[in-house]
Amino acid sequence: MKTALLIIDIQNDYFPGGKHPLVNPLEAAEKAYGLLQCFRENDVPHVHIQHISLKPDAAFFVKGDRGSDIHDSVAHFEGEPIVYKHYPNSFRETNLLELLKEWGIERVVITGMMTHMCVDATARAAADLGFQVMIAEDACATRDLQYGDTTIPAELVHKSFLAALKSYGRVMKAEAVIAQLAAEKAKSG
């Protein structure tokens, strides 16, 4: 099955010292990097997705600001495709769908930030568009959320959204994704 890796919004503002730091972004980025290297080494399609805010008063991901740059842990290499987005859903008003169709992609592996926002919106959209979806749960990160007087810890936000996303695709660890892809490659020849 023709598969592509989506690396969503692993950008400087989400890391320590950034304008909108998440919980454990380095650990998630490390797992995303492992997947990225696997896709690079096997010459399998992969695409970086970079969020650039259109809001003039944006608090983070400001165009031209270093915080909006892709984090060095998953550095974008020259010649690799990059999709610029302005909304949580990576397909909305971007060329992502056309790119995946051009490659003949049937399944997407999703990594990135934030689990409760862009990962969620993109995974649901991908499933709705007919792609099989795999979410590398440990290659995603999020943050604490506030609801009224209640703070919901990032770990619970992350797990709650992943539990819901199981209705849209397979949720598994990055190593399990790599193992499955290797088994499929071995079986196909």
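Is Phe60, at 21% relative accessibility, buried, partly exposed or exposed? Phe60 counts as partly exposed, where buried means under 20% relative accessible area, exposed means over 50%, and partly exposed lies in between (1.4 Å probe, protein chains only).

This is a predicted model: local features need pLDDT of at least 70, side-chain atom pairs count only at pLDDT 80 or more, and totals for chains, interfaces and linings use all residues. Residues are numbered from 1 along each chain as its sequence is written, and side-chain values use heavy atoms, with hydrogens and water left out.

Start with the rings. The structure holds 4 aromatic pairs. Rings of Phe, Tyr and Trp (its six-membered ring) pair if their centres lie within 6.5 Å; planes under 30 degrees apart count as stacked, over 60 as edge-to-face and the rest as tilted. Tyr14 and Phe60 make a tilted pair, 6.0 Å centre to centre with 50 degrees between the planes. Tyr14 sits in the loop between strand 1 (3-8) and helix 1, Phe60 in the loop between strand 2 (46-51) and strand 3 (82-85), so the pair ties together parts that are 46 residues apart in sequence. Helices (H or I, at least four residues) and strands (E, at least two) are DSSP runs, numbered from the N terminus. Tyr14 counts as buried, at 2% relative accessibility. Phe60 also pairs with Phe61, edge-to-face, at 5.0 Å centre to centre and 65 degrees between the planes. Phe61 is buried, at 2% relative accessibility.

Now the helices. Two packed helices are described by the angle between their axes and the distance between the axes. Axes are lines fitted to C-alpha atoms, for helices over the stretch in contact, and angles run from 0 to 180 degrees between N-to-C directions. The axes of helix 1 (residues 25-41) and helix 5 (residues 174-188) come within 9 Å and cross at roughly 15 degrees. That makes helix 1 roughly parallel to helix 5; angles under 35 degrees count as roughly parallel, over 145 as roughly antiparallel, 65 to 115 as roughly perpendicular and the rest as oblique. Helix 1 contributes Lys31, Gly34, Leu35, Cys38 and Phe39 to the contact, and helix 5 contributes Ala174, Glu175, Val177, Ile178 and Leu181. Contact means heavy atoms within 4.5 Å.

Helix 3 and helix 4 (residues 154-165) form another such pair. Their axes come within 10 Å and cross at roughly 10 degrees. Helix 3 is therefore roughly parallel to helix 4. On helix 3 the contact residues are Thr115, His116, Asp120, Ala123 and Arg124. Helix 4 supplies Val157, His158, Phe161, Leu162, Ala164 and Leu165.

The backbone comes last. Most residues other than glycine have a negative phi, and most peptide bonds are trans. A cis peptide bond joins Met113 and Met114, with omega about -5 degrees. Met114 lies in the loop between strand 4 (107-113) and helix 3 (115-128). Asn24 is not a glycine, yet has a positive phi of about 60 degrees. Asn24 belongs to the loop between strand 1 and helix 1 and is partly exposed, at 47% relative accessibility. Glu93, also not a glycine, has a positive phi of about 55 degrees. The loop between strand 3 and helix 2 (96-103) holds Glu93, which counts as exposed at 58% relative accessibility.
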